[in-house]
Amino acid sequence: MAIYHLSVKTVSRSAGRSATAAAAYRAGCKITDGRTGEIHDYTRKGGVQSATLIVPAEAAAWANDRQVIWNAAEQAEKRKNSTVAREFEIALPSELSPAERQRLAEDFAHELVARHGCAADVAIHAPGKEGDNRNHHAHILLTTRRLTPEGMGEKTRELDDQKTGKELVTQWRERFATLQNERLREAGHAVHVDHRSHAERGLQAMPTWHLGPAATAIERRTGQRSSIGQDFDQAAAERLRKAQEAGQLERQAQAVDRSIIDLTGDLQAALRERDKAQDAQRLAEWEAQTTANAAAFKAERAAATGIDPRSRYHPDNIAAREAAERAAEQEAQAEQAQKLALRTQRMEAEKAAIEAKRVAQVPTPIPVPVRPPAARLDPAEAKKQRLSRMSSTEMTEEIRRRQLPSVDSEVERDRAVMASTAKRRELHKQEEAGKAFVLKAEQAIDAWREQHPLKAKMHDSGVFRSAELEQRVQKAEEGQQALQAVQMQARAVAAKDAELRKAVRSQVVANQAGGRAELVQLEKLHQAKVSQERAAATARRELEAVPKDFRAMAAGREVKAFGWSDSGSKWQATPAQLKQLIDGYNAAPREARAAILDRLTSDRDSSQQLRKLLDTQQANYRQNDRGMSR
């Protein structure tokens, strides 16, 4: 049954959120925030079926780049509590095909863009692995400003206003319900949705409750029921208890009505009627108790952790694996230390024997210093040092080299899976051959009946039996029986194949867990290395620009350019030490100035000190300028 859901949310900096992060998460891609420098990488996020940018027709070409447009949305807002994006979250009917669901979401987004002039980023997500498999939904992320050929324009205030905003949301809710019903009818489904609440529709049903992302994340992380979930469970149990009490009262009233016996009738019939009513009442009570027990059991299971104790990811199993790994590591370290100690003792003994032999041969022994054996690095530490010496390019190659094959390809390469697949294909061929045989036999029967209509009519009426027709019918029935047998065997093999693939997939995932964890760690090191190299390159460029910047300041002072006179703002913002260096540089002959500048930047420390003085002059000038230069 199709369900209706449309909610409107905002992405605000006051909540610590950003439009770039929201867009990257919903589209399952990587976006670098130009304002903060943060890298939001969700390329490994699963469940993203499609992500489409929809912009106004008059928008510039750069608006079709997801990273550029959401960075533009961030740059357009200056306040620390600005709303940087708005999201329409909609449920998509499971009755529609994936292409029809995508068309529905994008058509609705096109109408939003046409009405408000903003840009829309439509991301369609598949149902979660642990939730309802019908929960197809889409996230439509909208810019809070209209998109013009020049860039981000005015705010969409009609959606922010207290009065018009609520009215517009109501109109959009109704429009999405209408559009969804049209798509359902076009696909041949009789179901429909209604955007109104239960109260507006006159329904007595209680509205459903949702845990929300925070409570769901807590339960997934801790494996225990959150406080909100406990409140929901308590409310559900209370509703169940009231329903049971109401049902019991109803059954008692019905039992009383049935116990009213017509005294004018037969006494034995009345007694039988009473016994039957009592039996029916006891059966109803037993069924109610059974239902209550089942509900209590489900509530108890819901309140408990949602992770199977046999699962690899159960907290107890994780703790046991970590303890086993620590024990194995300690045992390996102890064994390595013991081997090192034995080797050291053997080397000391050999050195002592050589020294004793040399002392016996040489009259005046010369003491030879004994160098302690070099400590061997731990393999993990050695690996860490090797990675730290790599450049970002080398790390990229290392990540590429360590990439693991996909789980699906590993499952398909398993020998048992390959054998099962071959068997399924063979049965499929047999099934197709059986269908062709049955079809051919039925066509032969139809052809015989067309050629011998009189005999067929007499055969059907029972006047006489045609041996030729009966033979053809028997042949068709035998073919149908053989086809059914092959189909049953094919279903059984398909069920076993599904179980086998599930087991092999679990094994592959478990085997690759360590490698994937190393790849994640290596990716983090790669990002850190990229940041370090960028910072080093920036510092290098700044140091390389020191001579040029110093010569420019000295030239301005020498010709008394604007701001460089004795009372000029630029000269007043210059530190005293830098003034002395500039005056000394200008006082020297032109042919000696190059040597003076080389001496000022002869080493890295001198260049850095001069760079600080130059930056101080710029900072002082901007502060004194009070923004006039901008």
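A residue counts as buried when its relative accessible area is under 20%. The model here is predicted. Its mean pLDDT is 83, and 80% of the residues reach 70 or more. Two stretches fall below 50. One covers residues 259-266, which have two contacts in the model beyond near neighbours in sequence. The other covers residues 301-305, with five such contacts.

Now to E7, residues 136-143. This strand is mostly covered, and eight of its eight residues are buried. The side chains split into two sets. His136, Ala138, Ile140 and Leu142 point one way from E7. His137, His139, Leu141 and Thr143 point the other way. Both sets are buried.

What lies beside E7? Strand E5, residues 83-92, is joined to E7 by eight bridges, and the two run antiparallel. Within that pairing, glutamate 87 has leucine 141 of E7 as its bridge partner. Strand E6, residues 120-125, also pairs with E7, in the antiparallel sense and over six bridges. There, alanine 123 stands opposite histidine 139 of E7.

Step back to the sheet. It is open and has five strands, in the order E1-E5-E7-E6-E4, with antiparallel pairing. Strand E1 (6-12) and strand E4 (48-54) are the edge strands, each pairing on one side only. On average, neighbouring strands are turned by 20° against each other, direction ignored. E1 pairs with E5 in the antiparallel sense, over seven bridges. Lysine 9 stands opposite glutamate 87 in E5.

Helix H3, residues 98-116, touches E1, E4, E5, E6 and E7. The direction of H3 makes about 160° with that of E6.

Next, follow the chain to helix H16, residues 467-544, and stop at leucine 500, which is in this helix. Is leucine 500 buried or partly exposed? Its relative accessible area is 26%, so leucine 500 counts as partly exposed. Leucine 500 touches Ala416, Val417 and Ser420, leaving aside residues up to four places away in sequence. Alanine 416 is 84 residues away along the chain, yet its C-alpha atom and that of leucine 500 are separated by 7.9 Å.

Further on comes a pair of helices. Helix H17 spans residues 546-558 and helix H19 spans residues 576-587. Their axes come within 10 Å and cross at roughly 75°. Angles from 65 to 115 degrees count as roughly perpendicular. H17 and H19 are therefore roughly perpendicular to each other. On the H17 side, the contact is made by Phe550, Arg551, Met553, Ala554, Arg557 and Glu558. On the H19 side, it is made by Leu578, Leu581, Ile582, Asp583, Tyr585 and Asn586. By class, this contact has seven nonpolar, one polar and four charged residues.

The last stop is lysine 560, in the loop between H17 and helix H18 (569-572). Most residues other than glycine have a negative phi. Lysine 560 is not a glycine, yet has a positive phi of about 55°. How exposed is lysine 560? At 45% relative accessibility, lysine 560 counts as partly exposed.

Technical notes
Residues numbered from 1 in each chain as written. Heavy atoms only, no water. Axes fitted to C-alpha atoms, helices over the stretch in contact; angles between N-to-C directions. Helix = DSSP H or I, 4+ residues; strand = E, 2+ residues; numbered from the N terminus. Parallel < 35°, antiparallel > 145°, perpendicular 65-115°, else oblique. Contact = heavy atoms within 4.5 Å. Nonpolar A, V, L, I, M, F, W, Y, C, P; charged D, E, K, R; others polar. Buried < 20%, exposed > 50% of the residue type's maximum accessible area, 1.4 Å probe, protein only. pLDDT = per-residue confidence, 0-100. Pairing = 2+ DSSP bridges.
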